[in-house]
Protein chains: 2
Amino acid sequence: MASSGLLTRPLYLQVRDALAARIANGGWKPGKPIPNELDLAREYGVSSGTMRKALDLMEGERLVTRQQGRGTFVNDQTSEELSLRFSAIRDASGGRIAGQVELGEITEGTANELECARLRLQAHDHVYRVHCTRLHEDRPFMVEEASMPAALFPRLREINGFPHQIVALAQKNGILVGKAEERISVCAATPAVAEALRVAPSTPILALDRVMLALDGRPIEWRLGQCNLTAHHYLVEIS
Amino acid sequence: MASSGLLTRPLYLQVRDALAARIANGGWKPGKPIPNELDLAREYGVSSGTMRKALDLMEGERLVTRQQGRGTFVNDQTSEELSLRFSAIRDASGGRIAGQVELGEITEGTANELECARLRLQAHDHVYRVHCTRLHEDRPFMVEEASMPAALFPRLREINGFPHQIVALAQKNGILVGKAEERISVCAATPAVAEALRVAPSTPILALDRVMLALDGRPIEWRLGQCNLTAHHYLVEIS
DNA sequence: AAGTGGTCTAGACCACTCA
DNA sequence: GAGTGGTCTAGACCACTTG
């Protein structure tokens with residue numbers, strides 16, 4: 001039984017935070033099972049109902065997957081299903097496409113004005129910047145420039161080949177991914193973009209301005225994408 | 001205690017269905033309170049925990065709103081907040097815009113091929129079709145054509161001035177709105193669209209293809225919209 | 001003070017998976 | 001058959017709103 005002062009957050013939220021921290025800091029590994037509800041309830045000194053409520057929450061946040069008769073497992077955010085969930089672009093048959101990535105340069109610098117606004121940084125904070133082109137069936141469909149707060153990704157340089165996969169990067173740096181907000185507009189392809197996407201100049205292009213947020217609400221990536229939708233579409237589910 | 005056969009759906013889902021039906025058929029009115037948890041639990045012969053789980057579900061489905069100390073209220077889907085939730089188009093300051101509607105003609109006919117596909121109808125089912133233009137601050141920003149299965153809206157003709165507001169229409173016809181799926185693509189404005197939107201021909205336009213579904217999954221509306229995004233943007237939250 | 005929803009407990013039993 | 005999560009019960013007590 002935890003302390004129950006007057007202004008305390010509900011127990012199940014405190015328990016959720018403790019379990020989430022254990023996933024973030026690597027105590028529990030992606031793909032591996034965690035102890036069963038009853039053991040966890042005893043360990044944290046709460047009832048099984050409260051532990052269940054915490055785990056239900058975490059399942060909704062895609063931190064764990066529960067399977068009747070098998071157990072509760074830490075989600076691997078780099079799995080196809082989970083890492084693709086932020087790719088709203090679909091091919092003709094409706095499947096999500098992430099694309100093969102043709103990596104441009106990775107640079108580091110101080111945040112510019114827009115980066116400060118989107119990533120809630122101070123003027124002299126550092127960011128990593130990544131350019132890339134995404135291909136689907138050998139055809140480029142999107143060019144993108146992404147910026148990430150350098151302070152959040154101390155291990156960026158260690159990881160080979162993943163600076164374009166924000167959810168993988170976050171997982172390796174102990175960040176729990178929450179949600180993304182994407183602003184969509186349209187424009188005509190500039191000559192440079194037209195060349196990169198191999199379309200005629202001034203072809204109508206989908207412009208994507210996306211901010212990815214951690215579960216705690218911190219912005220972790222800002223991405224500008226320009227996308228040729230002639231062979232694809234962008235699918236949104238609104239509920 | 002309800003019957004507990006072997007292949008029955010969980011009790012809390014059965015209870016949810018019963019309560020939802022009571023909202024759909026008008027037994028409980030939008031904006032009005034429903035009985036408290038304990039009374040409902042007694043009425044349906046379930047424990048308060050089970051009733052609570054059913055009500056939690058319904059809150060997530062936006063059928064009711066619960067307020068500690070006040071009660072549980074049937075949501076009015078025509079409220080600004082709820083009716084705007086499917087309008088992803090935002091003005092410069094980030095607010096959702098529905099627009100003033102300039103209504104075109106309303107017609108009835110048999111479903112064409114696309115309508116059959118999108119609305120899951122048979123070849124000779126009837127549909128209502130509505131054309132309209134949406135204005136924001138006196139400027140047109142979207143033209144749209146919507147189709148609805150005539151069978152689902154027996155009371156369409158009775159209702160003055162709402163055939164463009166699908167959630168209001170659904171509520172009056174005893175349909176519980178679930179979610180929408182919107183396919184986004186880009187195109188150049190055709191001369192007709194350019195004139196309606198008062199933009200230059202071949203201006204890049206956002207094309208929206210949206211199917212609205214009832215809570216039970218039945219398609220209730222298919223809408224094609226063409227949208228001038230020069231002063232606005234489309235905002236998606238992906239979780 | 002009375003009435004509401006929100007949290008929390010301590011169980012029982014069911015359904016499913018797997019060795 | 002042993003172990004897991006899923007459902008369901010019958011309470012107690014807390015936090016909030018309203019008269």
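**Note on salt bridges, symmetry and enclosed spaces**

1. K179(A) counts as partly exposed, at 26% relative accessibility (buried is under 20% relative accessible area, exposed over 50%, partly exposed in between, with a 1.4 Å probe and protein chains only). The model is predicted: local features need pLDDT of at least 70 and side-chain atom pairs pLDDT 80 or more, while totals for chains, interfaces and linings use all residues. Residues are numbered from 1 along each chain as written, chains are lettered from A and ligands numbered from 1 in the order written, and side-chain values use heavy atoms, without hydrogens and water.

2. What does K179(A) pair with? Its side chain forms a salt bridge with that of E237(B), with 3.3 Å from N to O (a salt bridge is a side-chain nitrogen of Lys or Arg within 4 Å of a carboxyl oxygen of Asp or Glu). E237(B) sits in strand β11 (residues 233-238) of chain B and K179(A) in strand β8 (residues 177-188) of chain A, so this pair joins two chains. Helices (H or I, at least four residues) and strands (E, at least two) are DSSP runs numbered from the N terminus.

3. Over all chains, the count of salt bridges is 34. One of them links E61(A) to R16(A), whose closest N and O atoms are 2.6 Å apart. E61(A) is in the loop between α3 (48-60) and β2 (64-67) of chain A, and R16(A) is in helix α1 (residues 11-24) of chain A, so the pair ties together parts 45 residues apart in sequence. R16(A) is buried, with a relative accessible area of 15%.

4. A further salt bridge connects the side chains of R52(B) and D56(B), at 3.9 Å from N to O. The two residues are four apart in helix α3 (residues 48-60) of chain B, a separation of about one helical turn. R52(B) is partly exposed, with a relative accessible area of 37%, and D56(B) is partly exposed at 38%. In chain A, shared partners join the salt bridges of R9(A), R16(A), D17(A) and E61(A) into one network.

5. How are the chains related? A rotation of 180° with 0.0 Å of shift along its axis superposes chain A on chain B, with an RMSD of 0.0 Å (least squares on C-alpha atoms of residues with pLDDT of at least 70 in both). The two copies are thus related as by a two-fold rotation axis. In chain A, the C-alpha nearest the axis belongs to P204(A), 2.6 Å from it.

6. The largest pocket holds about 920 Å³ of space. It is lined by 28 residues, and those closest to its centre are E237(A), I238(A), S239(A), E237(B) and I238(B). Strand β11(B) gives the largest share of the lining, five residues. The lining divides into 12 nonpolar, two polar and 14 charged residues.

7. The whole structure contains three cavities of 30 Å³ or more. The largest cavity has about 220 Å³ of space. Of its 21 lining residues, F86(A), S87(A), R134(A), R210(A) and R223(A) are the closest to its centre. On a 1 Å grid over the protein atoms alone, a cavity is a set of points where a 1.4 Å probe fits but cannot get out; a pocket is an open set with protein on both sides within 12 Å along at least five of seven lines; lining residues have an atom within 4 Å of a point.

How values were computed: Points joined across faces, edges and corners; volume = space filled by probe spheres on them. Nonpolar A, V, L, I, M, F, W, Y, C, P; charged D, E, K, R; others polar.
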